[in-house]
Every structure is written in C-alpha cells, then in structure tokens.
Amino acid sequence: MWDYTETVKDHFLHPRNVGEIEDADGVGMEGSLACGDALKISFKLDDEGRIADVKFKTFGCASAIASASILTEMVKGLTIEEAAHVSNSQIVTKLGGLPDQKLHCSVMGEEALKAAICNFKTGKHATRKTPVGRIICNCFGVTENDIESAVRDHHLTAVDQIGDLTKAGTACGSCKDDIKDIIDRVLKEMKNEEGKPAMTNLEKIEKIKSVIESTIRPALQQDGGDIRLIDVEANTVKVELQGACSGCPMAAMTLKGFVEEQIKQLVDPALVIEAVR
Ligand code: FES
C-alpha cells in the first residue's frame with residue numbers, strides 16, 4: 001500500500017484540468033502505453049504569451065494523475081520560458097512528496113510539458129525525448145547518461161532506487177547488472193573526485209571536447225544540427241551552434257537545457273555555456 005500525502009489524494013480524486021484543448025498552441029506526449037504510463041499535455045496561450053489554459057490526459061496511476069493535475073495548476077499564467085523551468089522536483093515538492101517508487105510519474109509530467117513547449121516552438125511533435133548516449137534499459141529507453149545523472153544528482157546507490165526514478169530495470173530486469181555496474185563506477189568516480197585537486201585548464205578543455213564528441217554532437221546531428229567549441233575562458237564555455245540549430249527558435253533552450261546540462265553533469269557543475277555567433 002502506497003503512503004500518499006493528502007495533496008496527492010486530493011488531486012487523484014479530484015483531478016484539475018482533465019481533457020484536451022482542440023486548437024492548442026502546444027501538445028506534448030510522454031511515455032507509452034506499452035510501458036503502462038502515458039501522459040498528454042496541451043496548452044493555449046493568451047495574447048501576452050502566457051499559458052491561459054492547459055489540460056492533460058493520462059493512462060497512469062494515482063501518482064501520474066496527481067502529478068499531471070498539479071502541474072497544470074503550476075504552469076497556468078506562466079510564460080513559455082517560465083514553464084520550461086518547471087522541474088519534476090518542484091512537482092514532487094508541491095505534492096508534499098511521492099513514494100520513491102512513483103517519482104518517475106513526476107518525471108513524466110516534466111517531460112510531457114517540455115514536449116508540448118517544443119511542439120509550440122518548432123511545430124514538431126515529439127512523443128519521447130531523444131535518448132542521448134548508450135541505451136542500457138531497452139524496455140524504457142533509459143540511457144547510461146540518465147543513470148549517471150540519477151546517481152550524481154540524487155545520490156542514489158541502489159538499482160531499485162534507479163528504477164524508482166527512471167523505471168530502468170523494472171520490467172524484464174535484464175539490464176539490472178549493467179545498472180549496478182554504472183552505479184558502482186559513478187560512486188567510485190564521485191569518491192575519487194572528493195578532495196581531488198581541480199582540473200587544469202587543459203584537462204577541462206579535453207574533457208569538454210570529449211563530451212561534445214561522444215554525447216552532444218550525435219544528439220544535435222539527429223535533428224540536422226551541430227556544434228563547435230570556440231573557446232573556454234575560466235568557467236565559460238563558448239560554443240557556436242551550427243546547421244539546423246543556428247537560428248532555431250529553440251536554440252536558447254538547447255544551449256541551456258541540453259548542452260549546458262550535459263557539460264555540467266559530465267565535466268564540471270561550475271561551467272556555463274555561452275553562444276558565440
Ligand atoms: S531492459 Fe531494462 S527492464 Fe527490460
């Protein structure tokens with residue numbers, strides 16, 4: 001029996017903003033019926049570019065319904081830029097908490113909202129985020145990067161905890177050994193990093209180059225874009241977006257929400273990205 005907060009129960013029993021907006025400005029879908037969870041979010045903007053109406057449909061459990069319901073309340077009245085910063089952690093906090101095994105429901109809310117914003121900005125429909133990096137869990141499309149981020153950001157140490165957050169390993173289970181290996185590797189790296197002298201500038205640049213080549217460039221190239229490292233000054237990484245990425249209305253989000261996140265997670269949390277034309 002899950003232990004739900006009163007807020008979760010309230011939003012599950014009386015979900016707000018259920019349905020679909022017919023002439024929506026943005027529509028996003030995350031998850032799949034095959035996995036047992038799916039969430040669709042649609043929104044309409046007012047004349048000032050703020051979210052005037054937002055609705056959701058889900059095939060998920062109580063936590064998925066509550067997460068989506070409270071998310072719709074959280075984003076009403078926000079601009080697109082403000083809504084793009086709403087995170088799964090904020091959803092969980094607003095709900096007063098979720099059982100560990102249900103944290104992935106809040107992640108699904110965040111991803112569906114991002115997909116709807118992406119649809120508004122580009123006209124493209126994305127039913128799932130493009131996986132970045134080697135896929136470890138084929139059942140749920142969870143990558144090595146996703147698992148590494150979960151360990152680093154949430155200080156997770158067990159395979160079951162990774163499953164609670166990402167669903168990896170919670171279906172056929174054939175990926176559990178690989179997940180365990182990644183956890184052990186990352187925990188060891190984190191331990192070694194403690195008390196280690198800061199990277200030299202040369203080491204930092206080499207690591208940034210390696211992350212761009214192995215992770216960032218392949219993801220951008222999937223959408224016809226590209227990236228070039230221009231310079232690194234102290235903690236500012238100067239890059240140029242190329243191809244379809246240059247001039248794309250999503251360029252700022254790509255830089256901050258993807259490129260910077262990858263560099264922070266895989267090189268150094270102090271680094272920031274700056275676009276150079
Ligand atoms: S491959 Fe990960 S649960 Fe099936």
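**The β6–β7 hairpin and its sheet**

I began at the hairpin of β6 and β7, where two residues lie between the strands and Ala234 takes a positive phi near 50°. I note at once that this is a predicted model, in which local features need pLDDT of at least 70 and side-chain atom pairs count only at pLDDT 80 or more, while totals for chains, interfaces and linings use all residues. Residues are numbered from 1 along each chain as its sequence is written, and side-chain values use heavy atoms, with hydrogens and water left out.

For the elements I kept to DSSP runs, numbered from the N terminus: helices are H or I of at least four residues, and strands are E of at least two. Two strands pair if DSSP finds at least two bridges between them.

On that basis, β6 and β7 run antiparallel and are joined by eight bridges, and Gly225 stands opposite Gly243 in β7. I then followed strand β7 (residues 236-243) to its pairing with β8, which is parallel and has four bridges; there Val239 stands opposite Ala275 in β8.

Together these strands form an open sheet of three, in the order β6-β7-β8, with mixed pairing. β6 (225-233) and β8 (272-275) are the edge strands, each pairing on one side only. Neighbouring strands of this sheet are turned by 35° against each other on average, direction ignored; axes here are lines fitted to C-alpha atoms, for helices over the stretch in contact, and angles run from 0 to 180 degrees between N-to-C directions.

I looked next at the helices. Helix α9 (residues 201-222) packs on the sheet and touches β6 and β7, its direction making about 165° with that of β6, where contact means heavy atoms within 4.5 Å. Helix α10 (residues 251-266) lies across β6, β7 and β8 and runs at about 145° to β8.

I turned to strand β2 (residues 37-45), which is largely enclosed by the rest of the structure because seven of its nine residues are buried; buried means under 20% relative accessible area, exposed over 50% and partly exposed in between, with a 1.4 Å probe and protein chains only. β2 and strand β3 (residues 51-58) pair in the antiparallel sense over seven bridges, and the bridge partner of Leu45 in β3 is Ile51. Five residues lie between the strands of this hairpin, and Gly49 takes a positive phi near 80°.

**Positive phi in two loops**

Which residues other than glycine did I note with a positive phi? Asn17 has phi near 60°, lies in the loop between α1 (6-13) and β1 (26-32), and is buried, with a relative accessible area of 16%. His155 has phi near 55° and is found in the loop between α6 and α7 (159-166), but at 60% relative accessibility His155 counts as exposed.

**Cysteines**

How many disulfides does the model hold? Taking a disulfide as a pair of cysteine sulfur atoms within 2.5 Å, I recorded a count of zero. Cys105 is in no disulfide, the nearest cysteine sulfur being that of Cys61, 3.7 Å away. At 2% relative accessibility Cys105 counts as buried, and Cys175 is buried as well, with a relative accessible area of 4%.
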